[in-house]
Amino acid sequence: MTAIVTEVDAPASCSPNEHLTEIRAGALAMAPFVVGYAPFALVIGAAVAAHGHPIAGWAGSWLIYGGSAHLAALRTIDDGGALLAILTGLLINARLLVYSASVAPHWQRQPRWFRAVGAALLIDPTWALAERRATQPGSDRAQRAYYLAAGLTLGVGWSALIAVGAVAGNIVSGVGLEVAAPLCLISLVAPRLKDGDTRAAAIVAALVSVVAARWPAGTGMLAAIAAGCAGAALVGRRST
Amino acid sequence: MTTWVVIVAVGAGSFAFRWLPLRLHDGQAGSACLDRLIRRAGAGATSALAVSSLRDGATSGAMPALAIAAIVGLIVALRGGTILRVVVTGSVVYGTLAGVLSALG
């Protein structure tokens, strides 16, 4: 029997103390990601500085809110033109459809304003933390506080680091922060590996990600996701 | 002007990717099959991202040290370690191995 992680029933409100606890927990949970993504943000900052329009380039830190798409779009503008840059950025960010569909059941009781703001802050680490938080007990308001704290911690840290990178260039390269981001992602996927189907999806997707490493414009990621789903479906069919 | 057009267009499209599934899901219950598919896709995406970030990190760090640090981090995570414990443990392993490899190399 496949074990499916279910959302814990939660009341709508929480006490002020619980609210502050959730805010602190969300910010602390996101802090390692900010550290881990710092080298990448600095690289993007350097690309912003090298581009002819740094303010527009920096604005992507909030408007696009996705490092790979942001960097690819900036680099493609000069080589391939505006249309190709737009298509490249959108293809890379297409995985956001999966993330949004994934959190939709968890947020169906949340107010509309939160779903709009939460959507704007949805990216790999905020999605992963939202998924994990949804399996823990707590009110709807508590989950809102946790997610918004995590999302704003990432957003402020991310955009600030890009600005630092634009000003300071490559001075922090070689510090060794590059290991933090993959460790954060590993810590988020590990609890899901207890479920056979999900474990198959993660393993197959990881293998395809290695094979498709040089595929252009986010297609490798999409292929990895599709292959993971196919692998999990095969495992699920064999076990029934 | 071109840069602004690209940034705003990619931003608007990215927000649509983030918002539309939430909007379409409003008040509707999903099937168990769709729920499983989405969870598998999410796990696959996180796993693929972890691998690609490891690969990207290897351009500036020692790949063997990164790989071993990732394995140690995975073990700590599977045993219930928090994000902070996984990152600290893996980072210590990485720093130590990278230093040894650098001294030997």
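User: What makes eight residue pairs between chain B and chain A count as being in polar contact?
Analyst: Each pair has N or O atoms within 3.5 Å, one able to donate a hydrogen and the other to accept it, and residues adjacent in sequence count only if both atoms are side-chain atoms. Eight residue pairs between chain B and chain A, both at pLDDT 80 or more, are counted this way. This is a predicted model, where local features need pLDDT of at least 70 and side-chain atom pairs 80 or more, while totals for chains, interfaces and linings use all residues. Side-chain values use heavy atoms without hydrogens or water, residues are numbered from 1 along each chain as written, and chains are lettered from A and ligands numbered from 1 in written order.

User: Which elements of chain B touch chain A?
Analyst: Helices α1 (2–25), α2 (32–57), α3 (63–78) and α4 (83–104) of chain B each give two or more residues to that side (helices being DSSP runs of H or I, at least four residues, numbered from the N terminus). The largest share, 22 residues, comes from α2(B).

User: How do you know how many residues chain B and chain A bring to the contact?
Analyst: Contact means heavy atoms within 4.5 Å, and on that basis chain B brings 60 residues and chain A 84. Together the two chains bury about 6000 Å² (accessible area, 1.4 Å probe, lost on being put together and summed over both), with 75% of it on carbon and sulfur atoms. Arg18(B), Arg40(B) and Ile83(B) supply 13% of what chain B buries here, more than any other three residues.

User: Why is the pair Arg133(A) and Glu22(A) called a salt bridge?
Analyst: The term needs a side-chain nitrogen of Lys or Arg within 4 Å of a carboxyl oxygen of Asp or Glu. Arg133(A) and Glu22(A) come to 2.8 Å, N to O, so the pair qualifies. Arg133(A) lies in α7 and Glu22(A) in α1 (residues 16–50) of chain A, so the pair ties together parts 111 residues apart in sequence. The whole structure has three salt bridges, but the count between chain B and chain A is zero.
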